[in-house]
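Subject: Handover of a structure and notes on its contents

Dear colleague,

Please find below the structure that I am passing on to you. My notes on it follow directly after.

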Amino acid sequence: MRRVLVVGISGAGKSTMARALERRLGLPYHEMDALHFAGPDWAVNPAFAADTRRLAGAECWVFDSLGYPAVRDLLWERADTIVWLDHPRHVVMRRVLLRSLRRSLTRERLFGGNREKWREWLRSDHPVWWAWRQFGPRRAEILRRTTDPRFAPLVVVRLRSPRAADSWLGGRRPSP
């Protein structure tokens, strides 16, 4: 494992897993949303694709995302390992809901200095609503990619619960 892509839906624990892999394997970790969002009002970094291409060209790394469309294939072609956090919908929805509540209540600074605001909860692209709508399509996209010959020979580690993820990370074989 030298180039690891941690994938899953919002709330699955991708960033947490990627940070743990950074510590365990000594690989540099790149937070996809921090690369993507560059300023107020969720402005997109104009150099996002070039920055990601440069980082993905390195010999070793961990990214925490399926990848935004502009860089998705690049990351999947460069990765040697996919860690798929394929947790049940109720797990990820509870996590994304609690995370968004915490961020809104504490006014936590996020990527590009942005904050989740209460009025954004009414927007269809709010993380909670997005995760609900995209759960099935995102899962299908990841499954399709893990079996696509373009991305062979990827090692795919599919972890179907937080317990399985903890076991795998701890070096124990996850139970089915």
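The bend at a residue is taken here as the angle between two axes, one fitted to the seven residues ending there and the other to the seven starting there. Please bear in mind throughout that this is a predicted model.

Helix H6

With that definition in hand, helix H6 has a kink of about 55 degrees at glutamine 134, shortly before proline 137. The ends of the helix also deserve attention: H6 has 20 residues, yet its end C-alpha atoms are only 25 Å apart, whereas a straight helix would reach 28 Å at 1.5 Å a residue.

Several residues of H6 are buried, namely Val128, Ala131, Phe135, Arg138, Glu141, Ile142 and Arg145. An α-helix has 3.6 residues a turn, so residues three or four places apart point the same way. The cover over the buried residues of H6 includes strand E1 (3-7), helix H4 (72-78), strand E6 (81-85) and H5.

One of these buried residues may be examined individually. Arginine 145, which lies in helix H6, counts as buried because its relative accessibility is 5%, and the cut-off for that term is under 20%. Neighbours within four places in sequence aside, arginine 145 is in contact with Leu66, Arg72, Asp73, Trp76, Arg150 and Phe151.

The cavity

The structure holds 1 cavity of 30 Å³ or more. The volume of this largest cavity is about 70 Å³. E6 and H6 are the elements that give two or more residues to its lining, and H6 gives the most, with 4 residues. The residues around the largest cavity are Gly8, Ile9, Trp84, Leu85, Asp86, His87, Val92, Phe135, Arg138, Arg139 and Ile142. By class, 6 residues of this lining are nonpolar, 2 are polar and 3 are charged.

The largest pocket has a volume of about 1,200 Å³. It is lined by 44 residues, of which Ser10, Asp33, Phe37, Phe111 and Pro127 are the closest to its centre. At least two residues of the lining come from each of helix H1 (14-25), helix H2 (32-36), helix H5 (89-106) and helix H6 (127-146). The lining of the largest pocket comprises 21 charged, 12 nonpolar and 11 polar residues.

For the second largest pocket, the volume is about 160 Å³. Its lining consists of Ala12, Gly13, Thr16, Met17, Ala20, Leu85, His87, Arg95, Pro162, Ala165, Asp166 and Leu169. H1 and helix H7 (162-169) each supply at least two of the lining residues, and the largest share, 4 residues, comes from H7. Divided by class, the lining of the second largest pocket has 7 nonpolar, 3 polar and 2 charged residues.

Methionine 17

Methionine 17, found in helix H1, is one of the residues that line the second largest pocket. Is methionine 17 buried or exposed? Methionine 17 counts as buried, because its relative accessibility is 6%, where the term requires under 20%. Not counting residues up to four places away in sequence, methionine 17 touches Val6, Val83, Leu85, Leu159, Ala165, Trp168 and Leu169. The C-alpha atoms of methionine 17 and serine 161 are separated by 13 Å, while these two residues are 144 residues apart along the chain.

Yours sincerely

Notes
Residues numbered from 1 in each chain as written. Predicted model: local features only at pLDDT ≥ 70, side-chain atom pairs only at ≥ 80, totals over all residues. Heavy atoms only, no water. 1 Å grid on protein atoms, 1.4 Å probe; cavity = no way out; pocket = protein on both sides within 12 Å on 5 of 7 lines; lining within 4 Å. Points joined across faces, edges and corners; volume = space filled by probe spheres on them. Nonpolar A, V, L, I, M, F, W, Y, C, P; charged D, E, K, R; others polar. Expected span 1.5 Å × (residues − 1). Buried < 20%, exposed > 50% of the residue type's maximum accessible area, 1.4 Å probe, protein only. Contact = heavy atoms within 4.5 Å.
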